[in-house]
Amino acid sequence: MEFRLSSFRRTRFTAGALARGLIATALVAAIGWSGALYAANQSVQGAKKTDDSGFDGDAPTAILIEASSGSVLFEKNADELRAPSSMMKLMTAEVVFNAIKKGDIKLTDEYRISENAWRKGGAPSGGSTMFAAINSKVTVDDLLHGAIIQSGNDACIALAEAMAGSERIFAADFMTKRARELGLTKSTFGNSNGLPDPANKMTVRELGILARHIILDFPEFYKLFGEKEYTWNKIRQPNRNPLLNSMEGADGLKTGYTKEGGYGMVGSAVQNGTRLIVVINGLEDPDDRATEAKKMLEWGFRNFETRTLIAADQPVGYAKVFGGESRSVKLVAKTPVKVMVHKNGSDKLIARVIYNGPVRAPVEAGQKVGLVRVWRSGNIAVETPVYAADAIGTGSTVRRAIDGASELVIGMFRAGAEKL
């Protein structure tokens, strides 16, 4: 297998070395029908607090992501659970966006502002609100404007109560369920708006994943995050995102503050065709929040560029097949595997194919088998699914018997090794 990655020679990762690494991982990964998972270089998967360039943010938790590939440019305590405050409204917004997309609700549907929504999230609450009048009916479209632009807690509560019957049910059965569908495995929710609740916990990594999903999958709704003001009930309120007026190309997403979580922000900007997403949380001052987010985005735009590591449909390795007419199946990525690298060429890249295996025959062409994971200078930079390039039919009885015996021996060997 040959990889033509001449453009990556200056990253200290030759084409030949990359090819050997992927093949070796594909072979070692098939370690038994028990479904054990092999991940190369597990020792380098932990988040580093500083980048190899010497950059270190001031926020307690932070992550910087390139939106198109999902490549992580910088991370600091990115998997630490903290109160997300109003940044959690992104999850409520996504639930509503998805319901509209599926046809379950419409933008023109009208929801009543209950006394509960008015007292807990409206004018009497003293928090961020769209100032919706008690018992008034407001369209889903206007409630989204209120929740996103004005950070209205009343808007979120009204949406939750109308869709689920109560805010608590919405948090448990709508937000949490949807989060798991999106791969947000750590996030938990106690309400719809991020007001203080012990159950409200998210990591900056999962906030970044959520923001990227909204940007890529709901472009028609994402534009709401860039609107600079909105008027409801004759009260005009500006968007609370300071990046919109201070940084070129900034168009989202959400700020947040509670005493428990500190000051945080999910921000995004586009420059020269590249979109970056920054998430920070835990700062003690709102000015520091704005400064830190802008500094990280500018650092990313200034120091990184996108390179294609593996072209679409280019072979990236092989997976072992159990009981098939062929003993292995070629793996490809359906989309190009791209990664952001330092312009100065200081990165060291490691790529590995990871899958549960061996894969049981029959295997369909296009069947998802695993993923290719790329590390850049010790941090996971990008993960992309890989698929079977060809169909592999079921092998003969003899072939299946041989594979079964082989896997039995491997299983016994592994069990013995684990006891040592």
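Strand β1 and strand β9, residues 274-283, pair in the antiparallel sense over six bridges. Two strands count as a pair if DSSP finds at least two bridges between them. Strands here are DSSP runs of E with at least two residues, helices are runs of H or I with at least four, and both are numbered from the N terminus. Within this pairing, isoleucine 65 stands opposite isoleucine 277 in β9.

This is a predicted model, in which local features need pLDDT of at least 70 and side-chain atom pairs count only at pLDDT 80 or more, while totals for chains, interfaces and linings use all residues. Residues are numbered from 1 along each chain as its sequence is written, and side-chain values use heavy atoms, with hydrogens and water left out.

β1 also pairs with strand β2, residues 72-76, in the antiparallel sense, over four bridges. There, leucine 64 stands opposite phenylalanine 74. β1 and β2 form a hairpin with five residues between them. In the turn, glycine 70 has a positive phi of about 80 degrees.

Is β1 enclosed or open? Six of the six residues of β1, residues 61-66, are buried, so the strand is largely enclosed by the rest of the structure. Buried means under 20% relative accessible area, exposed over 50%, and partly exposed in between, with a 1.4 Å probe and protein chains only. Thr61, Ile63 and Ile65 point one way from β1, Ala62, Leu64 and Glu66 point the other way, and all are buried.

Now the whole protein. Its secondary structure comes to ten helices and 17 strands. Of its 420 residues, 54% count as buried.
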